[in-house]
Amino acid sequence: MRPKRIIEIIKDGQTNTIVTVKGWVRTRRDSKQVSFVALNDGSAVGNLQIVVDNDKVDEALMKRITTGACLSVSGLLVASQGKGQSVEVQAQNIEILGDADATYPLQKKGHTWEFLREVAHLRPRATTFGAVFRIRNQMAYAVHKFFHDKGFVYFHTPLITSSDCEGAGQMFQVTTLDLNNLPRTDEGKIDYSQDFFGSPTSLTVSGQLEGELAATALGAIYTFGPTFRAENSNTPRHLAEFWMIEPEMAFYDIVDNMDLAEEFIKFCVQWALDNCLEDLEFLNKMIDKELIERLKFVTSHDFVRLPYTEGIKILEDAVAKGHKFEFPVFWGADLASEHERYLVEEHFKKPVILTDYPKEIKAFYMKQNEDGKTVRAMDVLFPRIGEIIGGSERESDYNKLLARIEELNIPMKDMWWYLDTRKYGTCPHSGFGLGFERLILFVTGMANIRDVIPFPRTPGHAEF
């Protein structure tokens with residue numbers, strides 16, 4: 001008999017039928033005559049209770065039914081007489097598919113987040129992480145559905161690149177050279193002509209530049225893939241490897257870009273509310289008592305749209321009235337998370353899209369405003385997260401873009417192909433980037449970004 005997933009059994013609720021279920025033991029409690037085994041197969045946050053008549057099961061087999069063991073159970077599905085579940089299985093046959101050693105680390109007790117990261121190969125079995133990763137799955141589907149339904153083309157950009165989109169220089173180098181015996185030129189420099197690609201290459205920090213090329217041919221595209229930053233940061237908001245969603249749209253100006261970003265993120269949050277409610281209710285109870293209320297608030301309110309200059313004035317007024325920030329506030333400052341969250345959580349009490357930043361603190365490709373001081377950037381700021389989306393209208397003027405590249409001393413050998421799109425049929429275009437893990441952080445209410453990706457990569461940690 002094909003096993004039924006626990007979520008199917010609970011939803012169907014068809015009692016007085018024989019079912020076969022397979023899963024892992026979460027807990028077991030015994031009375032004199034019966035044992036109650038909580039079985040979970042990962043399909044739902046809730047367990048299925050298995051009722052075992054101790055007199056009908058071999059004692060040696062019963063000893064093997066321990067937390068973490070994998071079982072196949074066949075039996076009669078009946079309405080439950082106890083609290084906490086609607087149905088239960090009266091076991092008729094039990095098979096041990098996999099024993100769990102007594103050292104199994106996920107016993108029924110409280111575990112710290114740090115400990116669970118140390119057993120990341122097992123933590124998906126923990127109830128909280130099962131909920132988080134099921135939501136992550138639904139959010140990935142929502143991303144593709146949103147853009148597919150709008151006619152966007154899913155475009156694959158390279159993971160290995162010879163250019164630095166952000167100009168930060170914090171990239172992981174890719175090489176096949178023998179690091180213990182590096183080839184050298186006559187000048188003593190590393191001879192990259194002997195490397196696999198014949199030049200220095202790195203893991204990408206963004207697929208945006210290649211995405212722009214696609215947008216100028218296909219109209220509207222989006223990327224969704226892993227990106228890498230060699231930033232030595234141990235904050236709860238940073239990872240060395242994370243997933244990015246980057247749409248790029250021909251003929252979109254900054255207002256169109258803001259409209260799309262707001263519509264997109266509201267769609268994703270609403271998708272979670274519509275399709276992940278059981279997991280969200282669990283997280284709302286166990287992790288963040290305001291989670292569902294905050295998600296509903298985001299979907300039902302328009303985002304504030306605010307120029308950077310006005311945002312600075314609001315922050316300066318707050319300082320004048322006695323509010324303490326760790327980092328200074330002044331026009332030209334690259335806002336810290338504390339500044340962004342003040343605007344969102346304390347001043348407006350709703351998401352904010354901050355626009356028109358000083359050009360000195362933004363990337364070279366952003367379209368310059370007529371004032372010569374600011375660019376058409378837009379950052380979407382969320383409660384508890386700060387920046388969740390960053391984007392802009394892109395500079396479409398060849399001469400202005402070239403001047404900015406030269407001003408920042410960006411090597412032309414990395415930019416010639418990017419400039420070509422401004423030579424051959426340039427057009428207004430815009431785009432943005434959403435860090436997928438930051439979206440999951442917001443939707444789940446988790447506090448640390450390392451806990452919303454299966455295997456976090458951070459400074460000093462690349463296990464599993």
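Me: How many aromatic pairs does a search of the whole structure find?
Reply: In this predicted model, the search gives 24 aromatic pairs. Trp113 and Phe129 form one of them, an edge-to-face pair with 5.8 Å centre to centre and 80° between the planes. Trp113 belongs to helix 3 and Phe129 to helix 4, so this pair links parts of the chain 16 residues apart.

Me: Which residue pairs edge-to-face with Phe325?
Reply: That is Tyr342, with 5.6 Å centre to centre and 85° between the planes. Phe325 sits in the loop between helix 9 and helix 10, while Tyr342 is in helix 10. Both fall under the 20% cut-off: Phe325 is buried at 16%, and Tyr342 is buried at 14%.

Me: Which residues have a charge over a ring?
Reply: Happy to show you two cases. Arg29 lies over the face of Phe36, 4.4 Å from the ring centre. The charged end of Lys373 is over the ring of Trp331, at 5.5 Å from its centre.

Me: Where do Asn16 and Phe464 lie?
Reply: Asn16 is in the loop between helix 1 and strand 1, and is exposed, at 59% relative accessible area. Phe464 is in the segment after helix 13, and is partly exposed, at 46%.

Notes:
Residues are numbered from 1 along each chain as its sequence is written. This is a predicted model: local features need pLDDT of at least 70, side-chain atom pairs count only at pLDDT 80 or more; totals for chains, interfaces and linings use all residues. Side-chain values use heavy atoms; hydrogens and water are left out. Helices (H or I, at least four residues) and strands (E, at least two) are DSSP runs, numbered from the N terminus. Buried means under 20% relative accessible area, exposed over 50%, partly exposed in between (1.4 Å probe, protein chains only). Rings of Phe, Tyr and Trp (its six-membered ring) pair if their centres lie within 6.5 Å; planes under 30 degrees apart count as stacked, over 60 as edge-to-face and the rest as tilted. A charge sits over a ring if NZ of Lys or CZ of Arg is within 6 Å of the ring centre and within 35 degrees of the ring normal.
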